Amino acid sequence: MQNKIRIFTGSSNPELAKKICESLSVPLGTARVRTFSDGEVMVEIGENVRGRDVYIIQSTCAPTNNNLMELLVMTDALKRASAATITAVIPYYGYARQDRKAAPRTPITAKLVADLITTAGVDRVVTIDLHAGQIQGFFNIPVDNLYAAPVILNYLKGRFEGQQVVMVTPDAGGTERARAFAKRLGCSLAVIDKRRTGPNVAEVMHLIGDVRDKVAIILDDMIDTAGTLTQAAKALKENGAKAIYACATHGVLSGPAIERINNSDIEEIVLTDTIPLGVNETQTNKVHMLSVADLLAEAIKRIHQDESVSSLFV
């Protein structure tokens, strides 16, 4: 496998890429990715990839447009260098929340990004916890949507063993996800009825379920400005929760997120490294990071050896 496979990374996930390479016992490919003074992205592949199966590890997180362009330009460079196949491993798929026309004369940018990635020459996409499952249908190439649930569940089982826990979803849309977690943890479920008053603005209305004297764990796919999260924590505290924790796959943590988290009743937030912690995130001691490197490494191994990826989660 070491002779046939090559793994490269852009600017967004270098540490995650190194961990994946260590797990696979494959060296990280040599590539020079730089930005000219006028903002243009330049990529130079520093080794032979002719006839190789290439995997690019690149989340399209902030700076979203730069990271997306790096992915596209690197794909083009590898395609022109005669790589046999190119798989884009995108742990966090940027623009995923623009997956439908939410208002007249608005774009479906998640579809546009899918078209760009396909046109650039990517043969397969591997991602984790897409914000909306239908985004898989935006591609005309295979898409493996992995789940971080096994990684997070493994941590939660060890962390809260023997305690009375309730899994909480901060909106009705996440009920199925929270129910699956609650089933595997053998705990109860609560739902917070959330009404949005504008983009990135949420208002908690009321709580459905019993959280009194229990450890409440808020579950979401991503945490952006943390408005929903902190309002949910406030509602849980008002309803008698003994302790409040949160977990999510993607820690976007933009704008006032860190300040809100620090000022909230949340004791700990569990995130995965699909998005690396930035400078702002070091200003809080409430974040605990889990790595999805082994999960992605196993998926890459199975794809390369033509084995089932879905059996990872069955």
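Two strands pair if DSSP finds at least two bridges between them. Helices (H or I, at least four residues) and strands (E, at least two) are DSSP runs, numbered from the N terminus.

This is a predicted model, in which local features need pLDDT of at least 70 and side-chain atom pairs count only at pLDDT 80 or more, while totals for chains, interfaces and linings use all residues. Residues are numbered from 1 along each chain as its sequence is written, and side-chain values use heavy atoms, with hydrogens and water left out.

Select residues 53-57, strand β4. Five of its five residues are buried (under 20% relative accessible area; exposed is over 50%, partly exposed in between; 1.4 Å probe, protein chains only). Asp-53, Tyr-55 and Ile-57 lie on one side of β4, Val-54 and Ile-56 on the other.

Tyr-55 has Thr-87 as its bridge partner in β5. Next, show β1 (residues 5-9), which runs parallel to β4 and is joined to β4 by five bridges. Here Thr-9 is partnered with Ile-57 of β4.

Now go to His-131 and Asp-171, listed by UniProt under "binding site" in an unreviewed entry (annotations may be inferred rather than shown by experiment). They span 41 residues in sequence, yet no two of their C-alpha atoms are more than 13.6 Å apart, so they gather at one spot.

His-131 sits in the loop between β6 (124-128) and β7 (143-146) and is partly exposed at 34% relative accessibility. Asp-171, in the loop between β8 (165-169) and α5 (175-185), counts as buried at 18%.
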